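Take a moment with the sequence and the model before reading on. The paragraphs below go from charged pairs to loops, then to strands, and end with the whole chain.

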Amino acid sequence: QLVILSNGRNQRDKNAETISVKDFGAKGDGITNDTAALTAAFNSGSAIDLLDGFTYLYDQITVNSDIVLRGKSTLKYSGVAATQTHNGLESTSLVFTRSVLAEHLSLFTDGTSDQIYNLASFTGDNIHIGHLSATSPTQRNQRGGISFFGSNIHIHNAEFNNIARPMAFTNEYIGGDLNVWRSNIHIGTVTIKNYLRGIKFRCIDGISLGVAHITGAWNGVSM
């Protein structure tokens, strides 16, 4: 059943609207810090177009709204020491707490900060991403990967290069209850190069992994 908004439109109509991140003041030149603009855009409740070919520099962002992302651009972590904590998870630069629908999500870190625990964390359910990538020019000691803590996660294609701990699907840190299992994890194709630990699954019921190309270190998949 569709939710009817106060103006007579339904939620599907609202989700179909796309607002450019530029409308929130983002520059996307890879130099200007776009943290404030991205935070406002991502928490607006509207579908956000990152446009194609831009690089948005950010420090720390928490997204507490369901979000739809369109466009093929890069989110570049500034390298400042991430201090925000969510559900007991420390040092995460980008946190999504609700559902995510993204055509393309590309993350970049230059590896200058070894204090980051996760480059991005998805703590909610219902994550659907067409193409997901995380890249660093050189591998450092920072973990810097992407962690998923919910259920019903679908990643069509994923690529990681020089990311120490690329992907984790786990119930750790969420409320401290390790007895609560997550379910329904689907990954189409994943490519991982130059890493320490590849893909980690912990307390997951229902995993589908299509094709995995993992080279460059040890411990490709752990459960």
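How many salt bridges does a search of the whole structure find? The search returns two. Keep in mind that this is a predicted model. Side chains of opposite charge can pair when their charged atoms come close.

Start with Asp66 and Arg98. These two residues form a salt bridge, and their closest N and O atoms are 3.4 Å apart. Are its ends buried, exposed or partly exposed? Asp66 has a relative accessibility of 37%, so Asp66 counts as partly exposed. Arg98 has a relative accessible area of 41% and is partly exposed as well.

Now go to Arg70 and Glu103. Their side chains meet in a salt bridge, at 3.9 Å from N to O. The cut-off for a salt bridge is 4 Å, so this pair qualifies. Here, too, distant parts of the chain are linked: Arg70 belongs to strand E6 and Glu103 to strand E9, 33 residues apart. Arg70 is partly exposed, at 24% relative accessibility. Buried means under 20%, so Arg70 does not count as buried.

Next, look at the backbone in two loops. Asn126 has a phi near 65 degrees, which is a positive value in a residue other than glycine. Find Asn126 in the loop between strand E10 (118-122) and strand E11 (127-135). With 35% relative accessibility, Asn126 is partly exposed. Asn152 also has a positive phi, near 60 degrees, and is likewise not a glycine. Its loop lies between strand E12 (145-148) and strand E13 (153-161).

Which way do E9 and E11 run, parallel or antiparallel? They run parallel, and eight bridges join them. Within this pairing, Leu107 has Ala134 in E11 as its bridge partner. E11 also pairs with E13 in the parallel sense, over eight bridges. There, His131 stands opposite Asn157 in E13. E11 therefore pairs with both E9 and E13. In a regular strand the side chains alternate between the two faces of the sheet.

Move back towards the start of the chain. Ser20 lies in strand E1 (residues 18-20). Is Ser20 buried or exposed? Ser20 counts as buried, because its relative accessibility is 17% and the cut-off is 20%. Its side chain reaches the backbone nitrogen of Lys22 at 3.0 Å. Leaving aside neighbours within four places in sequence, Ser20 is in contact with Asp49 and Leu51.

Finally, step back to the whole chain. Its secondary structure comes to two helices and 18 strands. What share of its 223 residues counts as buried? The share is 45%. Among contacts between residues at least 6 apart in sequence, 59% join residues at least 24 apart. The protein chain exposes about 10,000 Å², and carbon and sulfur atoms supply 48% of that area.

Conventions:
Residues numbered from 1 in each chain as written. Predicted model: local features only at pLDDT ≥ 70, side-chain atom pairs only at ≥ 80, totals over all residues. Heavy atoms only, no water. Buried < 20%, exposed > 50% of the residue type's maximum accessible area, 1.4 Å probe, protein only. Helix = DSSP H or I, 4+ residues; strand = E, 2+ residues; numbered from the N terminus. Polar contact = N/O pair within 3.5 Å; in protein donor to acceptor, adjacent residues only side chain to side chain. Contact = heavy atoms within 4.5 Å. Pairing = 2+ DSSP bridges. Areas by Shrake-Rupley, 256 points an atom, 1.4 Å probe, with all protein chains shown as cover.
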